[in-house]
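User: Hi! I'm new to reading protein models. Could you walk me through this one with a few questions?

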Amino acid sequence: MKHVEAAPDPVDARLGARLAELRSERCWSLGELAERSGVSRSTLSRAERAEISPTASLLNRLCAVYGRTMSQLLSEVEQEPALLVRAAEQHVWEDRSSGFVRRSVSPPHAGLRGELVEGRLAAGADIAYDRPPVPGLEQHIWVLAGSLEVTAQDVEHRLDAGDCLRLRVWGPTRFRCAGAEEVRYVLAVVLP
């Protein structure tokens, strides 16, 4: 019986191609990118060939190296950005390994500095980012349901439904679902 490999997810394929383009535009080898990002050459290669679905942490590291937000990167792999994004057309990306689901409610636009993202973290989910994709990135985190712990600049903030945390991100951050139920929140991101 012949083993047939499944075709890569179309979004992962476009994302991998865009990651390869970004590296090529800078004339970097996989080794140079690995050094700059702290991600192994083999992982970078597999992500560029869409052999793996990148995690949120991996994409964050690459976004930091390329000087763009995750939403900017993900919008670059969208086929045709629109001014009006209907709920059914909003791009959803899932990091299955961490229990993180990200919906781009208001995707980035070349003429605007802000965007809206809906985040969902499963109970017990914990995501750590070692750096912001863009230093000084402004974030407003509004919890819609559940409890979220956000750590930034070594200060932990617990947010419950209705709470909003405003900050500029300069260093590592951590998002953790603090309750027994999924947490749902809106993240407003504004470029500096």
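This is a predicted model: local features need pLDDT of at least 70, side-chain atom pairs count only at pLDDT 80 or more; totals for chains, interfaces and linings use all residues.

User: How many disulfides does the model have?

Analyst: Here the rule is about distance: a disulfide needs a pair of cysteine sulfur atoms within 2.5 Å. Counting by that rule gives 0 disulfides.

User: How many of the residues of helix α4 are buried?

Analyst: Good one! Helix α4 covers residues 56–66 and is mostly covered. Its buried residues include L58, L59, L62 and C63.

User: Which residue just after α4 takes a positive phi?

Analyst: Look just past the end of the helix. The phi there is about 65°, and the residue is G67.

User: How is α2 oriented relative to α3?

Analyst: Two packed helices are described by the angle and the distance between their axes. For α2 (residues 30–37) and α3 (residues 41–48), the axes come within 9 Å and cross at roughly 110°. Angles of 65 to 115 degrees count as roughly perpendicular, so α2 is, relative to α3, roughly perpendicular.

User: Which residues of α3 make the contact with α2?

Analyst: On the α2 side, the contact is made by L30, G31, L33, A34 and S37. By class, the whole contact has 4 nonpolar, 3 polar and 2 charged residues. The α3 side consists of R41, L44, S45 and E48.

Methods
Residues are numbered from 1 along each chain as its sequence is written. Side-chain values use heavy atoms; hydrogens and water are left out. Axes are lines fitted to C-alpha atoms, for helices over the stretch in contact, and angles run from 0 to 180 degrees between N-to-C directions. Helices (H or I, at least four residues) and strands (E, at least two) are DSSP runs, numbered from the N terminus. Angles under 35 degrees count as roughly parallel, over 145 as roughly antiparallel, 65 to 115 as roughly perpendicular and the rest as oblique. Contact means heavy atoms within 4.5 Å. Ala, Val, Leu, Ile, Met, Phe, Trp, Tyr, Cys and Pro count as nonpolar, Asp, Glu, Lys and Arg as charged, and the others, Gly among them, as polar. Buried means under 20% relative accessible area, exposed over 50%, partly exposed in between (1.4 Å probe, protein chains only).
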